[in-house]
Amino acid sequence: MKNKLTQGETSEKNVWLYSFGNFANNIMFMMVAMYVMYFYTNILGVSAAVAGTIFMVARLIDAVTDPLMGTIVDRTNTKKFGKYRPFIIFGAPLLGIAFVMLFITPNLGPTGKIIYAYVSYIFYSLTWTIVQIPQLALPIILSKNITRRTRVQAIFQTLGAVGVMIIQSWALPMLNFFGGMDNAAAWSKVAIIYSVVATILFILSSLSVRNLDVYEYHEKKSKNKKDKPKVTLGQAFQAVLKNKALLCVLLAYSTDMFAYQISSALRVYFFKYNLNGRTDLMVYLGYVSLVAAIISIFVIASYVKKMGKRLGIGIVEALSLITMLIVLYATPRQNISLVMFGMIANLFMFSFTNMLARAAVLDSANYAELKTGVDNNALVSSTFTFMNKVCQAISVFFAGTILSYTGYNPDLVQQADGTLNGILYLMTLVPIVAYICSLIAMYFYPLTRQDEIEMEERLVKMHSQNQGTQIEIGEGLVQT
């Protein structure tokens, strides 16, 4: 059967289908971000400092594998699955296995458990790379319209927020149902359930681009076309390194994500020790991102049209800074209501900056393509996933080091004052500094709202000029 492609657009149904992938993303990502540190220190028996070192070593490996994976994806062109889908379809089951391995407690000695933690976490990180890099690049082919692409990210974040809500609100009750937070078997059972669900959703998500992610019939096979110059690996990396828009948004996103991840990693400690065991309040935080994401579907397009991503991100970052000042003020006074207000508002703001930053990364890929002529969407996507994992590693390493330095002892019912202050400052002062860095980065972001409009017009014109390109779909070739 022959199908005819539209100009780089897809149906609303496929946008929602694609977004189920973020539901799967966040089930795994949030479980690791919020609980793997606790699992290592309180279940596996690995010290906080050693746990932090494990994450840092994994990131050193990612420094090589992430950009390599991005380059591999950009150069992939399979007849049956296209460019992106083969990595998602065949990588998702491996990622599911790796995720379960993270929350298994092997019957080994102290050294053996440390080695197991290293191996399982690195395996998880590598499989995450295989799936995430191609998946996050898919909006490039889902839509060429910059404003609509922001809406794609809003829907993507909405379903992702459902995953966040499930982990933040249901993970602890599920653990309690299977035996409690201190029961090793409970962690394994919960991990298996989440793994099966995520694996299925990843594969379903890949179906959203089955008519767009197709085998490319190369122009050099036609006698009437000149051979398209091949982009070398060095040229591809240079295009990324010289991409000012990408570098600015990556810095803003990374500092913002660092603030979010260090808060996520310490949240269970914060509620358990600084707020006198009120871990029950964590359930309410799980619904915040979902509510924010649903609201964003209706307002984000108008917000971006009016503000652009540069000013739009800057405003939300400033509000995020204020929310952390509220938590810093209210926690020592045990003003639970004010603490919850600050944390809820902070999570609400993060939902907006996260989707705006993701859309800005895609814009930066188009920005580079228009300036250099180099198409390296997956490589740009790899920088995003790499920085995401770097922030997670640094935040956990930093938190683990500080906790160990301040005398954290998992056997104590209540921690010493020095440890409590360390947890509070990591939850508030570190994010405040991060938000300031994000504001500075977006000040230098080169794309104003007018630049976004002009870039979109150039993309449409470029796509129109390429309408003679032949693409193989299904059983034959179609002229678009």
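## Aromatic pairs

Phe 39 counts as buried because its relative accessibility is 0%, below the 20% cut-off. In this predicted model, Phe 103 is buried as well, with a relative accessible area of 0%. The number of aromatic pairs comes to 22. One of them joins Phe 39 and Phe 103: the ring centres are 5.4 Å apart and the planes stand at 70 degrees, so the pair is edge-to-face. Phe 39 belongs to helix 1, while Phe 103 sits in the loop between helix 3 (85-102) and helix 4, so this pair ties together parts that are 64 residues apart in sequence.

Tyr 121 and Tyr 124 make a tilted aromatic pair, at 5.9 Å from centre to centre and with 50 degrees between the planes. Both tyrosines lie in helix 4, three residues apart, which means that about one helical turn separates them. Tyr 121 and Tyr 124 are both buried.

## Nonpolar core

The largest nonpolar core comprises 149 residues. Met 31, Tyr 40, Tyr 194, Tyr 269 and Phe 270 are the residues with the most contacts inside this core. Helix 1, which spans residues 12-44, gives the most to the core, namely 20 residues.

Which residues are in contact with Met 31, leaving aside neighbours within four places in sequence? They are Asn 26, Val 36, Phe 99, Phe 103, Ile 167, Ala 171, Trp 187, Val 190 and Tyr 194. Phe 103 in this list is also the ring partner of Phe 39, and Tyr 194 is itself among the residues with the most contacts inside the core.

## Cavities

The structure contains six cavities of 30 Å³ or more. The largest cavity has a volume of about 230 Å³ and a lining of 22 residues. Asn 26, Gln 157, Val 164, Asn 354 and Arg 358 lie nearest the centre of this cavity. Asn 26 is also a contact of Met 31.

Two or more lining residues come from each of helix 1, helix 4 (110-137), helix 6 (146-178), helix 9, helix 11 (288-330) and helix 12. Helix 1 gives the most to the lining, with five residues. By residue class, the lining divides into 11 nonpolar, 10 polar and one charged.

## Selected helix positions

Ala 245 is located in helix 9 (residues 244-274). Ala 245 counts as buried because its relative accessibility is 0%. Not counting residues up to four places away in sequence, Ala 245 touches Ser 364, Tyr 367, Tyr 445, Pro 446 and Leu 447. The C-alpha atoms of Ala 245 and Ala 368 are 8.4 Å apart in space, and the two residues are 123 residues apart in sequence.

Ser 351 is part of helix 12 (residues 336-372). With 8% relative accessibility, Ser 351 counts as buried. Beyond residues up to four places away in sequence, Ser 351 touches Ser 289 and Ala 292. Leu 429 lies in helix 14 (residues 417-443). Is Leu 429 buried or partly exposed? Leu 429 is partly exposed, because its relative accessible area of 37% falls between the cut-offs of 20% and 50%. Leu 429 and Ala 259 are 170 residues apart along the chain, and their C-alpha atoms are separated by 9.4 Å.

Notes:
Residues are numbered from 1 along each chain as its sequence is written. This is a predicted model: local features need pLDDT of at least 70, side-chain atom pairs count only at pLDDT 80 or more; totals for chains, interfaces and linings use all residues. Side-chain values use heavy atoms; hydrogens and water are left out. A nonpolar core is a set of buried Ala, Val, Leu, Ile, Met, Phe, Trp, Tyr and Cys residues joined through side-chain atoms within 4.5 Å. Buried means under 20% relative accessible area, exposed over 50%, partly exposed in between (1.4 Å probe, protein chains only). Helices (H or I, at least four residues) and strands (E, at least two) are DSSP runs, numbered from the N terminus. Contact means heavy atoms within 4.5 Å. On a 1 Å grid over the protein atoms alone, a cavity is a set of points where a 1.4 Å probe fits but cannot get out, and a pocket is an open set with protein on both sides within 12 Å along at least five of seven lines; lining residues have an atom within 4 Å of a point. Grid points are joined across faces, edges and corners, and a volume is the space filled by probe spheres set on the points. Ala, Val, Leu, Ile, Met, Phe, Trp, Tyr, Cys and Pro count as nonpolar, Asp, Glu, Lys and Arg as charged, and the others, Gly among them, as polar. Rings of Phe, Tyr and Trp (its six-membered ring) pair if their centres lie within 6.5 Å; planes under 30 degrees apart count as stacked, over 60 as edge-to-face and the rest as tilted.
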